[in-house]
Amino acid sequence: MAMGSGAEGDRSPSRPATTGVAERRQRLLTDLPGMKARGDRIAMVTAYDYPGAQLVDRAGVDVVLVGDTAAMTVLGYPSTVPVSVDELLVLVRAVRRGLHHALLIGDLPFGSYEVSDEQAVATAVRFVKEGGCDGVKLERGAGTSAQRARAIVAAGIPVMGHIGLTPQTAGALGGYRVQGRDSDAAMRLGRELRDLEGAGCFAVVLEAVPGIAADALTRFSAVPTIGIGAGAGTDGQVLVYHDLLGLTKGPRFAPAFADLDSAAYAGLSAYVDQVRAGEFPAREHTYDAAPDIASELESFMRKTSAVL
Ligand code: KIV
């Protein structure tokens with residue numbers, strides 16, 4: 001028996017890959033406008049690794065984003081700005097391996113698409129070719145971002161927009177603030193949404209936007225809107241995995257639906273206590289062998305100890 005089959009425990013995916021997976025994802029992409037039209041809410045969440053991807057897929061999430069929030073939630077950077085394409089691609093590939101149903105979107109990190117259309121297309125191609133993404137997301141709607149989105153769409157890669165609070169350029173917005181609070185700012189969001197629709201984006205994230213502004217944007221948007229901190233009126237919702245599961249303390253608009261931090265802390269503390277008390281591993285965690293092995297091995301060890 002090969003090491004790992006049985007002896008290592010069953011770590012295989014809890015659901016096998018189904019045939020027609022690519023077709024299903026393709027259907028989902030083309031059906032998103034239909035979901036908007038029917039009023040079927042779109043459930044989107046971030047994921048950053050293989051087990052997380054398996055979980056969100058099993059839970060029936062429609063769209064999974066490997067967000068640049070990985071910079072903070074997984075890699076420990078102080079903001080999303082420093083994370084590189086190469087760092088994100090490692091996570092994207094892990095998530096790809098764990099997903100069989102949901103659509104996979106990769107987040108283009110800061111500095112990987114702003115310089116030129118060529119740079120934006122080259123980066124997006126890497127997310128599709130090396131990461132197996134079904135599409136990419138980029139931040140901001142004004143000016144160059146819409147142009148970059150258009151170039152990526154023209155290269156045959158679906159693009160999701162992201163307006164409102166755009167963390168990559170939070171400094172230019174005066175910090176992590178709600179966007180679109182007065183009518184000028186709300187109109188700006190409307191123009192950005194129209195630019196992204198015109199560029200061919202298949203959906204747009206609205207982050208930290210007042211509910212009434214998000215409602216109006218959603219009603220008049222040709223493409224689905226996905227809200228985070230934008231109230232209940234958007235076509236879908238997205239949350240960061242770690243906030244949703246209570247592994248990190250998210251902003252006010254990102255409540256925890258579980259308390260994995262407490263559960264993980266309790267489990268780890270119990271492990272440390274049991275190791276220190278000599279209670280772990282117990283007999284049932286230990287492999288057996290023929291008893292005479294012990295005496296043979298002891299005499300071998302005794303004889304060879306002099307050599308060492
Ligand atoms: O990077 C990210 O996780 C995101 C979501 C919050 C939409 O952009």
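How far apart should the ends of helix H5 (residues 117-129) be, at 1.5 Å a residue? The 13 residues of H5 should span 18 Å, and the end C-alpha atoms are 18 Å apart, so the two agree. The expected span here is 1.5 Å times one less than the number of residues in the helix. Helices (H or I, at least four residues) and strands (E, at least two) are DSSP runs numbered from the N terminus.

A word on what you're looking at: this is a predicted model, where local features need pLDDT of at least 70, side-chain atom pairs count only at pLDDT 80 or more, and totals for chains, interfaces and linings use all residues. Residues are numbered from 1 along each chain as its sequence is written.

Stay with H5 for a moment. Its buried residues are Ala 120, Thr 123, Ala 124, Arg 126, Phe 127 and Val 128. Buried means 20 or more other C-beta atoms within 10 Å of a residue's own, exposed means 12 or fewer, and partly exposed is in between, with C-beta atoms placed from the backbone. Those H5 residues pack against helix H4 (85-98), strand E3 (103-107), strand E4 (135-137) and helix H6 (144-154).

Now zoom out. The chain has eleven helices and eight strands, and buried residues make up 39% of its 308 residues. Its C-alpha trace spans about 85 × 40 × 35 Å along the principal axes. An automatic or database assignment divides the chain into domain 1 (21-262) and domain 2 (269-305), with 50 Å between their centres, taken over C-alpha atoms.

What about the inside? Beyond its neighbours within four places in sequence, Val 95 is in contact (C-beta atoms, placed from the backbone, within 7 Å) with Ala 47, Tyr 48, Asp 49, Ala 53, Val 64, Val 66 and Leu 104.

There's a ligand too, and the residues around it include Thr 46, Asp 68, Asp 107 and His 162; each has its C-beta atom, placed from the backbone, within 6 Å of the ligand.

Arg 38, in helix H1 (residues 21-38), counts as exposed because it has 9 C-beta neighbours inside 10 Å. Gly 198, in helix H7 (residues 183-199), is exposed because it has 12 other C-beta atoms within 10 Å.

Conventions:
Contact = placed C-beta atoms within 7 Å.
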